[in-house]
Amino acid sequence: MWIDTAEIYVKGGDGGNGIVSFRREKYVPMGGPAGGDGGRGGDVILQVDEGLRTLIDFRYQRHFKAERGENGKPKNQHGKSADDLVIKVPPGTVVRDRGSGRILGDLTRHGQRLVVARGGRGGRGNAHYATPQNKAPRMAENGEPGEERWIVLELKVLADVGLVGLPSVGKSTLLASVTAAKPKIADYPFTTLSPNLGVVDVGDGRSFVMADLPGLIEGAHAGQGLGHQFLRHVERTRVIVHVVDMASPEGRDPYGDWKQINEELRLYDPRLLERVQIVAANKMDLPGAGERLQAFRERVGDVPVFPISAATGEGVRELIYFVADLLDQMPAQEVGDEEPQGPVFRLEDDTFSVDREGEEFVVRGARVEKLVRMTPLDQYEAVHRLARTLRRMGVDEALRRKGARDGDTVRIGGFVFEFVDEEGVEEQATPEE
């Protein structure tokens, strides 16, 4: 089954928690804090595997979460960092952030990697908080939450040559005649429901990849027929071979068909008309094709036209040699036609908002919520440190301006606090069930 788009959820592993521990050793009085840091959470990484040709695997699994880091240990031992989660994707995969539409990466080379969700750093143990004023701190830090996002994967077939044309003009027959590919061939429109790829062996040591793209029809750029699903694949080709039916079934005009498909390409992306295009005038073995070919050549101007019969092989070898020579003269394939902006990692600031929702005051903000999650709320010193940090950020003052009073409920992320309007005092918070 051909799948060329997918949406998946990715989440980096949370960092391991730091711990509160003290050095206890015989004949060493007052050994001091010795709580180790937590390990780093694993990243979620996309990696190109040239053996893949479709995104079908993501139809059955859409959620990917990396492992969390190990918690810290006594004697200043750090927890083990988690392994990265590597997800294999086919070459030609464009990665976008679903929320913003931002292009995160354009994966084209075998082995190429892209980090799409970073793991959180490990929380610090109590050894980090020792000061001359507090030589035995009894607080640590939870691990940082891993990043999470929904991303869109969009596959664009990588091929040197793309076959385009109306349905039933013989694209699949041509591909089958010059490669080992075995596309479905039948005498009815839309036989090809997905792109087919094959390697053309020119015979003199040269080869190139050819893709048979499903038939386009008028209005394809706006979603008509099946071709609109695969127009994106034309963007990756270096040369376009436009297959035109010279047998003119049902009295169609070959020149009109050629012009119609070019108009669809232009409406989809005007840059496609700048690609080198060759016309394969197919079905020359049928009656009347010679006269139509002459009229066609007079109207298309300087476009190279090769009369062929994909069914009998007539003229096919000349076409293949011409395409191979043309590819040799062209620069190396520049498949990175997208301009990746890269993932946005941890660009958090101190901005937050306070809203009153019923009887509760809700504080929202990336850094505020992360501070709460990284605070062990069962440690007295850690809670007071959180309260001081929130006060410095202006959260207390913002709550007062919204009308918060002693005893009011304040929600930050998944935790509920009781607001105390008194300098230097903050009630301990408990996680919401």
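Good morning, everyone. The protein has a mean pLDDT of 84, with 85% of its residues at 70 or more; pLDDT is the predictor's confidence in each residue, on a scale from 0 to 100. This is a predicted model, in which local features need pLDDT of at least 70 and side-chain atom pairs count only at pLDDT 80 or more, while totals for chains, interfaces and linings use all residues. Residues are numbered from 1 along each chain as its sequence is written, and side-chain values use heavy atoms, with hydrogens and water left out.

Let me stay with confidence for a moment. By elements I mean DSSP runs numbered from the N terminus: helices are H or I over at least four residues, strands are E over at least two. Residues 220–225 stay under 50 in pLDDT, and the model has 12 contacts for them beyond four places in sequence. A contact here is heavy atoms within 4.5 Å. The stretch 423–430 is also below 50, with 23 contacts beyond near neighbours in sequence. Where pLDDT is low, the predicted coordinates should not be read in detail.

Now to a sheet. Please find the open sheet of 5 strands, ordered β3-β1-β8-β5-β6 with mixed pairing. Two strands count as paired if DSSP finds at least two bridges between them. β3 (63–65) and β6 (103–107) stand at the edges with a single partner strand each, so one side of each has no neighbour in the sheet. On average, neighbouring strands in this sheet are turned by 25 degrees against each other, direction ignored. For that angle, axes are lines fitted to C-alpha atoms, for helices over the stretch in contact, and angles between N-to-C directions run from 0 to 180 degrees.

Within the sheet, β1 (residues 5–11) and β8 (residues 148–155) run antiparallel and are joined by 7 bridges. Thr-5, for instance, has Glu-154 in β8 as its bridge partner. β5 and β6 form a hairpin with 5 residues between them, and Gly-101 in the turn has a positive phi of about 75 degrees.

Buried means under 20% relative accessible area, exposed means over 50%, and partly exposed lies in between, using a 1.4 Å probe and protein chains only.

Arg-149 and Asp-97 meet in a salt bridge at 3.3 Å, N to O, where a salt bridge is a side-chain nitrogen of Lys or Arg within 4 Å of a carboxyl oxygen of Asp or Glu. Arg-149 sits in strand β8 and Asp-97 in strand β5, so to speak distant parts of the chain, 52 residues apart. Arg-149 is buried, at a relative accessible area of 14%, and Asp-97 is buried, with 14% as well.

Across the whole structure, a search finds 22 salt bridges. One of them joins Asp-355 to Arg-364, with the closest N and O atoms 3.2 Å apart; Asp-355 is partly exposed at 30%, and Arg-364 is partly exposed at 36%. Asp-204, Arg-206, Asp-325 and Asp-328 form one network of salt bridges that share partners.

Next, the cores. A nonpolar core is a set of buried Ala, Val, Leu, Ile, Met, Phe, Trp, Tyr and Cys residues joined through side-chain atoms within 4.5 Å. The largest has 37 residues, and those touching the most other members are Val-161, Leu-174, Phe-208, Met-210, Leu-319, Ile-320 and Val-323. Which element gives the largest share of this core? That is α5, with 7 residues. Leaving aside residues up to four places away in sequence, Val-323 touches Val-161, Phe-208, Val-241 and Ile-278. A second, separate core has 23 residues, including Val-44 and Leu-155.

Last, a look at the loop between β3 and β4 (85–89), where Lys-75 lies. Lys-75 has a positive phi near 60 degrees and is exposed, at 70%. Asn-76, in that loop too, also has a positive phi near 60 degrees, and is partly exposed at 43%.
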